[in-house]
Structure formats: C-alpha cells, structure tokens
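Hi,

Here is the structure I said I'd pass on to you. Have a look at it first, and then read on for what turned up when I went through it.

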Amino acid sequence: MTELRSILDEAARQGLISPEAGGRLLPFLTERGVAVVEPQPTAAEGPAWSDTETPRFVRGFHDVLITIGVVVALGGLWGLSALYAVLPAIIVLSEILVRRQRLALPAVSLTIALFCWTWLLMSRFFPPWTPTATSFGAEATQFVAGFPIILGAYYARYRVPLSLALSIMSVLAFVLTLLLRVVQWASGNPAFFLDHPIVLAQVALVCALGLFAMALYFDLGDRLRRTTRSDIAFWLHLGAAPALLYSTVSLLSFGGDVRIFDVANMSSRTPVVVATVAMLMLIGLIIDRRAFVTSGLLSLGVAIFGVFREGSATVDTYISTTLIIVGAIVLIIGTGWMPLRRLVLRALPPAIANRLPPG
C-alpha cells in the first residue's frame, strides 16, 4: 500500500492527476486488490537496480542552462533592489519553471534562493546571535520559526523535495532552540551551556538522530527509490551526516574545549573523528547512501590534515598527503561500493536486509 501511495503522490506531483483524485483512488484501488509488484530481474537482463541512488534534480543540460540564468538574474536583482523585491521574482520564476515546466535543477536553485531570502529576512528582525552572547535567547527561536512556515508553504505549492527537506531540518532546529531554552531556564543559569558543554552536545545529538530517523522514514517507504520520497531522503541524509558527526565528536571529546560544529579544533580530536567517520561510512553502506558518506569526508580530511600539521612535515607535504589519503578513500569506496555493500547485507538479519535497498 505504501508503494501504491507513493506512485499516486508522484502522479499528482507531475500533474497527471489532482491530489484530491489521488486520495480517492488509493482506497478504491486497495479495496479491489490492486498492488504494486516489484519486477524480478532475469538472467539476460541482469539486475534492474544497478544503482538505487540517483537524485533526480539534474535531467539534462537544458536544466543547467536555465539554472545559470536563474542564478545570474536573481543575483543581479539582489544587488539592485530591496530585499522584498526578490521574493516576487522567486515566485514568478517558480510558477513558470517549476509548476508549469517542472524543471528539476531550477527548482533546487529557486528553493536555495528562497532559503537565503528567508535567512536575510529573519536576520533583519530577529538577530540570532551577537558577538557577546552567552545564552540562547528568544531571538534564536523566533529566527528559526520563520523557515518551516515559508519553506513549508513553498513545498505545498510546488512540491520541491528540497523545500520539504529544509522544512523538516528547520523544524528540528526550532525544537533544538526550544530545548536549549527550557534547559537553560530550568537551570536558572543564563550561561549554563558555556559551563556544561556536554549537555549541549547531548541535546544536539538527539536532534541529529531525529533528522536521521526522518531520512530513514522516507527511505524505507521507497526502498527501490522510484518516487520523490527518495529525493527527500537524499537531502535529509546530506544534512544528517554532518550533524551526527559534529555532535558525536563533541560528545565524545570529554575533558577538552567542547564546541559544536567547530571545524578549527577538529585536529585535536582526530582519533574520535576517524572512528566516527568510519561508523558513518558503515551506516552509509547499509542504507546505500553515498551522500551520507560524502558529508563526512570533508571533516575526515580536516582531521588528517591536523595530524600532519602537528608533526614535523612541511606545509606542502601535509597538504599533499591529506589530499592523497582522502582521495584514496573516496576511490576505494566509490569503486568497491557494491561489493562492500553485498558483504554488509549478508551479515545483517534477513528481516532487516529485506527492508533495505537491494544490493
């Protein structure tokens, strides 16, 4: 039934049927025994799913050309007009390029433009931080609150997977700021998180796990990745991996200066970073998400860079060595992804492996 609902949602997104018709068709078809049968590959055809991770936001060079025009036009408009004049341009372009022509890559660029516009708008009214801030105030919560409203409305109108993913991320960010304020209020100490950074890391890790759980929810609902649920999961995984990495590293770095999302000090925690990235790579293999693995490679490169920087190597030596090591890891994982994943799937219980994308 989940697969049938996904297919009807995809048909509504492409304008083949209305969302209301899709909602009425689902019980009608289910009552009459209509089901989605997964195709079985034959020996001559080979596997029908050689690669299940194919984001559908680039469909041809036509999309690339239009996207370049969108970026240049909005960039020029941003520089010549007031902030409020950019929003109508985004809406008009979305109506033409997304709702009518259904161009994928321009939809992504327009969603990012709307996100940036929302950031500037909310920063104007609710500055989320100041250089001397020692506590999480109401401004941070109010700043985040505008993102799910604006991006959620954009998704309701244009059904862009990235806009829903950003809406979910912003909702979790809103929950995070609320949790921080509640803990801070209960402690009676405005500088509570400066005195107890481990608690901050724990709260951040809970929200990062929530984001990862949402990504898995969309993934498991479309294990063959044929609908937009897979695209939504792609963007959620892209945000969940670094969130998990930095919150886990901060939580495991006891006895030091623990800071959330502090790339500059990652070199002092290199063993923790390497172990965490290795764990994320294993998770990425299990769920068949290269995007999940890729998000952690930059931090791994920073950690390896720190090892050579603290040694006696020259600047050219440790930069080149870092590039070689990270590049070798990328090549090994990239070329051996499917064989490695088959080994991992064979080690899992069948009840779990059968719910994951096929290897």
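Predicted model: local features only at pLDDT ≥ 70, side-chain atom pairs only at ≥ 80, totals over all residues.

**The overall picture**

The protein has 359 residues, and 42% of them count as buried. Its secondary structure consists of 15 helices and zero strands. If you look at contacts between residues at least 6 apart in sequence, 68% of them join residues at least 24 apart.

**The salt bridges**

As you know, side chains of opposite charge can pair when their charged atoms come close. The count here is six salt bridges. What I'd look at is a network of them that links Asp219, Arg225, Asp288, Arg289, Arg290 and Arg341.

Start with arginine 289, whose side chain meets that of aspartate 219 in a salt bridge at 2.8 Å, N to O. Arginine 289 is in the loop between helix H11 (270–287) and helix H12 (290–310), while aspartate 219 belongs to helix H9 (residues 197–220), so this pair ties together parts that are 70 residues apart in sequence. Arginine 289 and aspartate 219 are both buried.

Then move to aspartate 288, which has two arginine partners to look at. One of them is arginine 290, with the closest N and O atoms 4.0 Å apart. Arginine 290 counts as partly exposed because its relative accessibility is 25%, whereas aspartate 288 is buried, with a relative accessible area of 1%. The other is arginine 341, whose side chain forms a salt bridge with aspartate 288, again at 4.0 Å, N to O. Arginine 341 lies in helix H14 (residues 337–347) and aspartate 288 in the loop between H11 and H12, so here the pair ties together parts that are 53 residues apart in sequence. Arginine 341 and aspartate 288 are both buried.

**The aromatic rings**

There are eight aromatic pairs in the structure. Phenylalanine 115 and tryptophan 119 make one of them, a tilted pair at 6.4 Å centre to centre with 45° between the planes. Both sit in helix H5 (residues 104–125), and because they are four residues apart there, about one helical turn separates them. Phenylalanine 115 is partly exposed at 26% relative accessible area, and tryptophan 119 also counts as partly exposed, at 35%.

Is phenylalanine 143 buried or exposed? At 4% relative accessibility, phenylalanine 143 counts as buried. Taken together, Phe115, Trp119, Phe143 and Phe147 form one aromatic cluster.

Elsewhere, a ring meets a charge: the charged end of arginine 229 sits over the ring of tyrosine 217, 5.2 Å from the ring's centre.

**A buried serine and a surface patch**

Serine 94 is part of helix H4 (residues 86–100). Its relative accessibility is 0%, so serine 94 counts as buried. What does serine 94 contact, leaving aside its neighbours within four places in sequence? The residues in contact with serine 94 are Arg99, Leu110, Tyr154 and Tyr158.

On the surface, have a look at the nonpolar patch formed by Val171, Val175 and Leu179, which together have about 200 Å² of accessible area. Of these, valine 175 lies in helix H7 (residues 161–187) and is partly exposed, with a relative accessible area of 34%. From C-alpha to C-alpha, valine 175 is 8.6 Å from threonine 141, although the two are 34 residues apart in sequence.

If you open the model, I'd begin with the salt-bridge network around Asp288 and Arg289, then go on to the aromatic cluster that includes Trp119 and Phe143.

Cheers

Methods:
Residues numbered from 1 in each chain as written. Heavy atoms only, no water. Patch = residues over 30% accessible without salt bridge, like charges linked within 9 Å, V, L, I, M, F, W, Y side chains within 5 Å. Areas by Shrake-Rupley, 256 points an atom, 1.4 Å probe, with all protein chains shown as cover. Helix = DSSP H or I, 4+ residues; strand = E, 2+ residues; numbered from the N terminus. Buried < 20%, exposed > 50% of the residue type's maximum accessible area, 1.4 Å probe, protein only. Phe/Tyr/Trp six-rings, centres within 6.5 Å; stacked < 30°, edge-to-face > 60°. Lys NZ or Arg CZ within 6 Å of the ring centre and 35° of its normal. Contact = heavy atoms within 4.5 Å.
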